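Let's take a walk through this one together, from single residues to the way the inside is packed. Have a look at the sequence and the fold before reading on.

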Amino acid sequence: MLTLGGHLSRLSLPQRGRAHLWPRFVILGWQHVGMIATAADYAWFAFGRFIYDEYTDLREAYCFTLVRGLTPEQVLARTGAEGFPPMGLKELIKAGVSDLGRSGSGYSHFFGVAPIGDWAFIVEPNGFMGVLPSIAGRLSAGTRLVSHFRNVNGQEDFLWMEDGQERLALEPSFSDIDSFTKWDEEFTEIARQVEFDAAHSSESFFAMAEYLTGVKVTPELLEQSVYLCGVAPNSQ
C-alpha cells in the first residue's frame, strides 16, 4: 500500500454523480463555434497569482488532460490505477511533488481527476501520464482526449487523440522555437485562432485545449475542484 505522511489508504470507488458546468461554446468535430480563448486569457497561470506561492511547483511542472464522457472512476479503471481518497489542489500538489508513485519497481503516475461537465479533468503535478500515447490511447477509446505537459526543464508536449488515434502530437524541442510552427494546415489554423505565441507556449497550449474541448481552466476551477486520486502503473 502506498502512503503519504501516513494518511493515504486504499480507496473503494463508489459511483459518483457529476456536477454540470455549461461550456461557453460547442465543439463540432474539431470545428469551433463561439468565443475563442487566446494565449492572453491564460496569462494568469504563468504570471499571476501562481508565482512564488504554494502553486509554484504546479506552474513549473504539470500535465493537464481532458477526456470527454468519462467519470473519475472510469479514468482510474482505464489507467489501471490504485485509488486513494479525494484531495484538494494544495494537497494534490504536495503529493505530486513527493515520492508518491515512484516505487522501486519503476516510475508510476500519481494524478487527481475531477468531473467538469461532460469531461474528466486530470491534473498531474510533476507528471506526464496524459501525453504518453500508450496510456492516452486507452483513455481516449471511443472519445476525445486533449493533454498538455511541461517539465522543469521547459520541455513541452501537446497531444490530441480521437478514439485511440493521434490527431495532433507536438513534441517540440524547447531550444527550437521554429518547431512550434511546422504543422499541417488545419492545425496551423487552430494556432492562428488562439493567437499561438511560441514565446508563451504554455498559455497557448491552454488556449488550444479550450478550443478543442470547450472547457475553460480558471484558478477557481483548479482550487475549488475535489480530485479523486490514483497511482497508475507505468506503461511503455
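Is Cys229 buried or exposed? In this predicted model, Cys229 counts as buried, because its relative accessibility is 0% and the cut-off for buried is under 20%. Cys63 gets the same label, buried, with a relative accessible area of 0%. If you're wondering about disulfides, a search of the whole structure finds zero of them. For that count, a pair of cysteine sulfur atoms would have to sit within 2.5 Å.

Cys63 also turns up in a nonpolar core of 22 residues, along with Met129, Met161 and Ala232 among others. The largest nonpolar core has 46 residues, and the ones touching the most other members are Phe64, Phe121, Phe158, Leu222 and Tyr227. Helix H7 (residues 201–213) supplies the largest share of it, seven residues.

Leaving out its neighbours within four places in sequence, Phe64 is in contact with Phe45, Leu58, Phe121, Ile122, Val123, Val146, Ser147, His148, Phe206 and Leu222. Two of these partners, Phe121 and Leu222, are also on the list of residues that touch the most other core members.

Now over to helix H3, which spans residues 72–79. Its buried residues are Pro72, Glu73, Val75, Leu76 and Thr79.

Last stop: the backbone. Just after H3, Gly80 takes a positive phi of about 70°. Most residues other than glycine have a negative phi. Asn126 is not a glycine, yet has a positive phi of about 60°. You'll find Asn126 in the loop between S8 and H5, and it is partly exposed, with a relative accessible area of 32%. Asp163 is another non-glycine with a positive phi, about 50°. Look for Asp163 in the loop between strand S10 (156–162) and strand S11 (165–170).

Notes. Residues numbered from 1 in each chain as written. Predicted model: local features only at pLDDT ≥ 70, side-chain atom pairs only at ≥ 80, totals over all residues. Heavy atoms only, no water. Buried < 20%, exposed > 50% of the residue type's maximum accessible area, 1.4 Å probe, protein only. Helix = DSSP H or I, 4+ residues; strand = E, 2+ residues; numbered from the N terminus. Core = buried A, V, L, I, M, F, W, Y, C linked by side-chain atoms within 4.5 Å. Contact = heavy atoms within 4.5 Å.
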